[in-house]
Amino acid sequence: MLLKNKNKTMIYPNGPLPALPPRFAGLPSIDQNKCTNCSSPCIKECPTGALSKNEKGLTALDMGRCLFCRDCEEICPKGAIQFTKSPRLAAHKREDLIFTEKDPLPPLAISPQAKTRYGKSLKRSCSLRVVSTGGCGACEADTNVLTTLAWDLSRFGIHYVASPRHADGLIIIGPQTKNMREALKITYDAIPEPKFVIALGTCAISGGLYANTPECSRNDEDIISVDLYIPGCPPHPLTILDALLRYLGIPYKQDLAQKDR
């Protein structure tokens, strides 16, 4: 049976990209020349406040708040906002998730610290502890998909582990409800140094639809320092995989867009 079915793991990332859904929303693009003399219906209708005008009067889209619902793209009378098919969204700086450009470069996922600290030690093996802090299940599902035969995350030496004491890094999913804060902090403290933290999904990054609600409001002391932000609601498995490979410095042949700056 195994010989008949052959290998089910996709060739990517050393081959073509897997097929993306027709309505896949990737890296945003904003044409500021079209975004003039407008009553800004996109800003008014955005459910999470992801769109705003910056100090220069330019429309800015914050992927850390964006639900990728595409309402702004559909409501804009001039077509100034578009979502490209590029799945390369992750950034190691929170401010790099905010876009104002028509043709933006993909944000950098790897930081100088990560390159120095993990560049050699994690090329062969990396263990991650995943904690869902009140998520809806969507980000959790797309994170788990990477362990299936088609994606086979373990071929890159990346594994999910049950014990934080065996982990190199922590993936946070969900808006961090009050009932999960203590468990999250205990898990984080149990991971040995050096360690890194990944905020996966809009809820983990900004709280999403639940930001500033009594159950999910965050104080400064509740915030764990994040090393890698992977936006999306939920992020596509391709976005998650690309982010992990780039952050950990794991080389692969297929380049999704432009090379890192």
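Modeller: Helices (H or I, at least four residues) and strands (E, at least two) are DSSP runs, numbered from the N terminus. By that definition, the protein chain has eight helices and ten strands. The model is predicted, so local features need pLDDT of at least 70 and side-chain atom pairs count only at pLDDT 80 or more, while totals for chains, interfaces and linings use all residues. Residues are numbered from 1 along each chain as its sequence is written, and side-chain values use heavy atoms, with hydrogens and water left out.

Colleague: Why is Thr 177 called buried?

Modeller: A residue is buried under 20% relative accessible area, exposed over 50% and partly exposed in between (1.4 Å probe, protein chains only). Thr 177 has a relative accessible area of 18%, and therefore counts as buried. This residue lies in the loop between strand E8 (169-173) and helix H6 (178-190). Contact means heavy atoms within 4.5 Å; leaving aside neighbours within four places in sequence, Thr 177 is in contact with Thr 133, Gly 134, Glu 215 and Cys 216.

Colleague: Which residues of H6 are buried, and what covers them?

Modeller: Arg 181, Leu 184, Thr 187 and Ala 190 of H6 are buried. Their cover includes strand E6 (126-132) and E8. As background, an α-helix has 3.6 residues a turn, so residues three or four places apart point the same way.

Colleague: What makes H8 largely enclosed by the rest of the structure?

Modeller: Eleven of the eleven residues of H8 are buried, and therefore the helix is largely enclosed. Among them are Pro 237, Asp 242, Arg 246 and Tyr 247. After H8 comes Gly 249, whose phi is positive, near 70 degrees. For the protein chain of 261 residues, buried residues make up 49%.

Colleague: What makes a group of residues a nonpolar core, and which residues have the most contacts inside the largest one?

Modeller: A nonpolar core is a set of buried Ala, Val, Leu, Ile, Met, Phe, Trp, Tyr and Cys residues joined through side-chain atoms within 4.5 Å. The largest has 32 residues, and those with the most contacts inside it are Leu 61, Met 63, Phe 68, Cys 72, Ile 81 and Phe 83. Strand E4 (81-83), E8, strand E9 (196-200) and helix H7 (202-206) each give two or more residues to this core. Apart from it lies another core, of 30 residues, among them Ile 173, Phe 196, Ile 198 and Ile 230.

Colleague: Why is the pair of Phe 68 and Phe 83 called tilted?

Modeller: Rings of Phe, Tyr and Trp (its six-membered ring) pair if their centres lie within 6.5 Å; planes under 30 degrees apart count as stacked, over 60 as edge-to-face and the rest as tilted. Phe 68 and Phe 83 stand 5.7 Å centre to centre with 55 degrees between the planes, so the pair is tilted. Phe 68 sits in the loop between strand E3 (59-62) and helix H3 (71-75), and Phe 83 in strand E4, 15 residues apart. Both Phe 68 and Phe 83 are buried.

Colleague: How do you know that the pair of Phe 196 and Tyr 247 is tilted?

Modeller: Their ring centres are 5.3 Å apart and their planes are at 50 degrees, so this pair is tilted. The pair links distant parts of the chain, with Phe 196 in strand E9 and Tyr 247 in helix H8 (residues 237-247), 51 residues apart. Phe 196 counts as buried at 1% relative accessibility, and Tyr 247 counts as buried at 2%.

Colleague: Why is Lys 195 said to lie over the face of Tyr 188?

Modeller: A charge sits over a ring if NZ of Lys or CZ of Arg is within 6 Å of the ring centre and within 35 degrees of the ring normal. Lys 195 lies over the face of Tyr 188, at 3.9 Å from the ring centre.

Colleague: What makes E2 and E5 the edges of their sheet?

Modeller: Two strands pair if DSSP finds at least two bridges between them. E3 and E5 pair in the antiparallel sense over two bridges, with Leu 61 opposite Phe 99 in E5. The open sheet has three strands in the order E2-E3-E5, with antiparallel pairing. Strand E2 (51-53) and strand E5 (98-99) each have a single partner strand, so one side of each is left without a neighbour in the sheet.
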